[in-house]
Amino acid sequence: SFYDWFVKLFPIWRNWLCSTLPYIEGGRVLEVSFGTGYLLTQYAAKHNEVHGVEYNERLLQIARENLRQANCRANLVRGNVEDMPFSNEYFDTVLLTMAFTGYPNHDRAMKELRRVLKPEGRLIMLDVNFPRDKGWFGMAIARLWQLSGDILRDMEEIFEAFGFDYTDNEIGGFGTVHL
């Protein structure tokens with residue numbers, strides 16, 4: 001798919017995705033909305049139990065093939081972030097990259113992410129948002145993301161509402177890519 005090649009060939013995008021890797025902790029990891037699975041191929045062999053849930057059947061198949069080619073294993077299922085087929089408080093780390101801004105019902109998605117994460121677990125989210133400095137170029141990039149259909153939100157307010165400790169690091173895109 002175009003997205004698969006884009007991620008593999010566009011070094012900045014890969015760097016943004018891989019910036020999440022040092023934060024993954026524990027043996028049970030869930031990646032939500034993993035797309036073509038590029039990031040899964042970077043960490044799946046290093047953790048005891050890796051799961052993924054993806055809504056798009058075509059992306060799910062591409063991810064399975066990418067994992068096979070990388071000689072990595074993960075339990076990948078088709079599903080919706082708002083109703084995931086996992087037990088309560090099961091995962092040490094839940095990871096989302098460039099996906100939360102695409103969820104129309106962020107409350108239902110966040111409630112479900114909180115449900116499957118252990119109380120002491122770690123939610124790692126990489127996504128697009130407005131730059132803190134409100135610089136004109138970063139704001140223009142953020143507006144382009146919005147025009148493409150992404151929903152930019154006050155993430156600090158959302159994280160606090162769901163009881164998460166929260167850090168926000170701008171890692172690229174003129175302040176629009178946040179980890």
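Predicted model: local features only at pLDDT ≥ 70, side-chain atom pairs only at ≥ 80, totals over all residues.
How many salt bridges does a search of the whole structure find? The search finds eight.

Start with arginine 28 and glutamate 49. Their side chains meet in a salt bridge, at 3.3 Å from N to O. Arginine 28 belongs to strand E1 (residues 28-32), while glutamate 49 belongs to strand E2 (residues 49-54), so the bridge ties together parts that are 21 residues apart in sequence. How open are the two partners? Arginine 28 has a relative accessible area of 27%, so it is partly exposed. Glutamate 49 is also partly exposed, because its relative accessibility is 23%.

Next comes a bridge within one helix. Arginine 68 pairs with glutamate 65, and the closest N and O atoms are 2.5 Å apart. Both residues sit in helix H4 (residues 57-69). They are three residues apart, so about one helical turn separates them. Arginine 68 is exposed, with a relative accessible area of 55%. Glutamate 65 counts as partly exposed, at 32% relative accessibility.

Aspartate 168 forms a salt bridge with arginine 132, with 3.2 Å between the closest N and O atoms. This pair links distant parts of the chain, 36 residues apart. Aspartate 168 is in the loop between H7 and E6, and arginine 132 is in the loop between E5 and H6. Aspartate 168 has 22% relative accessibility, so it counts as partly exposed.

Now turn to the aromatic rings. A search of the whole structure finds nine aromatic pairs. One of them is formed by tryptophan 13 and tryptophan 16. Their ring centres are 5.8 Å apart, and 50 degrees lie between the planes, which makes the pair tilted. Both tryptophans lie in helix H2 (residues 11-18), three residues apart, or about one turn of the helix. Are they buried or exposed? Tryptophan 13 is buried, and tryptophan 16 is buried too. Compare the rings of phenylalanine 159 and phenylalanine 164. Their centres are 6.1 Å apart and their planes stand at 85 degrees, so this pair is edge-to-face. Phenylalanine 159 and phenylalanine 164 are both buried.

The surface has its own features. Where does negative charge gather in a patch? Asp154, Glu156, Glu157 and Glu160 form such a patch on the surface. Glutamate 160 is placed in helix H7 (residues 155-161). Its relative accessible area is 52%, so glutamate 160 is exposed.

Lysine 134 is not a glycine, yet it has a positive phi of about 55 degrees. This lysine 134 is found in the loop between strand E5 (117-128) and helix H6 (136-147). With 52% relative accessibility, lysine 134 counts as exposed. Phenylalanine 174 also has a positive phi of about 55 degrees, although it is not a glycine. Its place is the loop between strand E6 (170-172) and strand E7 (177-178). Phenylalanine 174 is exposed, because its relative accessible area is 56% and exposed means over 50%.

Note on methods
Residues numbered from 1 in each chain as written. Heavy atoms only, no water. Patch = residues over 30% accessible without salt bridge, like charges linked within 9 Å, V, L, I, M, F, W, Y side chains within 5 Å. Areas by Shrake-Rupley, 256 points an atom, 1.4 Å probe, with all protein chains shown as cover. Salt bridge = Lys/Arg side-chain N within 4 Å of Asp/Glu carboxyl O. Lys, Arg positive; Asp, Glu negative; His and termini not counted. Charge placed at Lys NZ, Arg CZ, Asp CG, Glu CD. Helix = DSSP H or I, 4+ residues; strand = E, 2+ residues; numbered from the N terminus. Buried < 20%, exposed > 50% of the residue type's maximum accessible area, 1.4 Å probe, protein only. Phe/Tyr/Trp six-rings, centres within 6.5 Å; stacked < 30°, edge-to-face > 60°.
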